[in-house]
Amino acid sequence: MDNSEVTKRISEIMMFPLAAKSLNVLSELGIADHLLSHSLAIDELARRCEVDATILMNTLKVANVFGFFSIADNGLIGNNDSSLLLTSTNPDSMRHFCQLFGDEYYQAYQGMLNTCQTSESGFKHIYQQTLYQYLEQNPPRSLVYNLAMRDFSRPVGLALSKTCADIFEQAHSVLDIGGGSGVIASQLVKAFPHLSASVLDRADVCEQCTPYLDACDNIDMIPGDFFQFIPSGYDVLVLKNVLHNWNNESCQRILKLIHASLGEGKLLVIEPLVESEETSPRLVFNALFQSVICEDGTYQRSDADMRALLAQCGLSLVSCAKLPTGHTVLEAIKSNH
């Protein structure tokens, strides 16, 4: 690759933040929702959103470069298959995901230099508080976060129900620790109607997310702090995308409480593990994301790291499986069983 190609590549990479921010802004404005029934002229769309028509068109053109929305020769703007995932009502919606990643997380990335220099959270450096402290103080954005995690977790729940079907078929009860909106629990109950499921999360999360549970789901929301107490008596404990938010010391606190409550049940740890030779863009990006957004001193973990962490907390690995989402499922039990 000659210097002109490298220069072009550098220019493209440095402009990528505009692509992310464009999807974020279009999601915040609810553009896809406005276009759900029919296409609109740019002037009418801008009027409905109370924004500048020229700048809105340019924002749409950036999104269109990456395959979102349709822009007709006559100026009519419409949805396409990709932008339909930015609508609020789509069962596979990613609207809230774009709102979160293009706002709070986007701002926090400005703390990346400090993270490189100190290993401290970039989010905390920019916001002067941790992510979860920020969410507790900002209920509207907390709801966006919880719904974004719902967007992000939906395909994981579906894959988990298929990959670990034998475990859930033999179980009667499941506790999703830090399960937020309950989307994982909901998908498990739908796939295995005999299951009863509970979700343990902060009181404010339970209050916000209860309305998003399907009325037919056999799911209980349990307000609580998984650093303080984890209910016992469940056949399966699910810990999905929790440990990667915390450094090793905090993870040990969580896992030791799980050990105390596990009895003869099983623990399923679901994490995006990253090996040193990893080349998947999604996992490589996630490795850096963990250190910038999450708790001070948080790094990506490999399979060996997770095995060691489990062993330190009295848990033995029984099996390990890969999900098509890029996550790894580690099945563990108490070492003395």
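Which residues in helix 3 meet which residues in helix 4? Let's start there. From helix 3 we have Ile 42, Asp 43, Leu 45 and Ala 46, and they meet Ala 53, Leu 56, Met 57 and Leu 60 in helix 4. Contact here means heavy atoms within 4.5 Å. By class, that contact divides into seven nonpolar residues, no polar ones and one charged. For the classes, Ala, Val, Leu, Ile, Met, Phe, Trp, Tyr, Cys and Pro count as nonpolar, Asp, Glu, Lys and Arg as charged, and the others, Gly among them, as polar.

Quick housekeeping. This is a predicted model, where local features need pLDDT of at least 70, side-chain atom pairs count only at pLDDT 80 or more, and totals for chains, interfaces and linings use all residues. Residues are numbered from 1 along each chain as its sequence is written, and side-chain values use heavy atoms, with hydrogens and water left out.

Back to that pair. Helix 3 is residues 42-49 and helix 4 is residues 53-65; their axes come within 9 Å and cross at roughly 105°. Helices are DSSP runs (H or I, at least four residues), numbered from the N terminus. Axes are lines fitted to C-alpha atoms over the stretch in contact, with angles from 0 to 180 degrees between N-to-C directions. So helix 3 and helix 4 are roughly perpendicular, the label for 65 to 115 degrees.

Next, helix 10 and helix 12. They pack at about 30°, axes 8 Å apart, and the crossing is right-handed, that is, the near helix is turned clockwise from the far one by less than a right angle. The contact has seven nonpolar, four polar and two charged residues.

Those names come back in the second largest pocket. Of its 15 lining residues, Asn 90, Pro 91, Arg 150, Arg 154 and Val 183 lie nearest the centre. A pocket is an open set of points on a 1 Å grid where a 1.4 Å probe fits, with protein on both sides within 12 Å along at least five of seven lines; lining residues have an atom within 4 Å of a point. Helix 10 (139-163) and helix 12 (183-191) each supply at least two lining residues. The lining has four nonpolar, six polar and five charged residues.

Last, helix 14 (residues 248-262) and helix 16 (residues 303-312) pack at about 50°, axes 9 Å apart.

How values were computed: Parallel < 35°, antiparallel > 145°, perpendicular 65-115°, else oblique.
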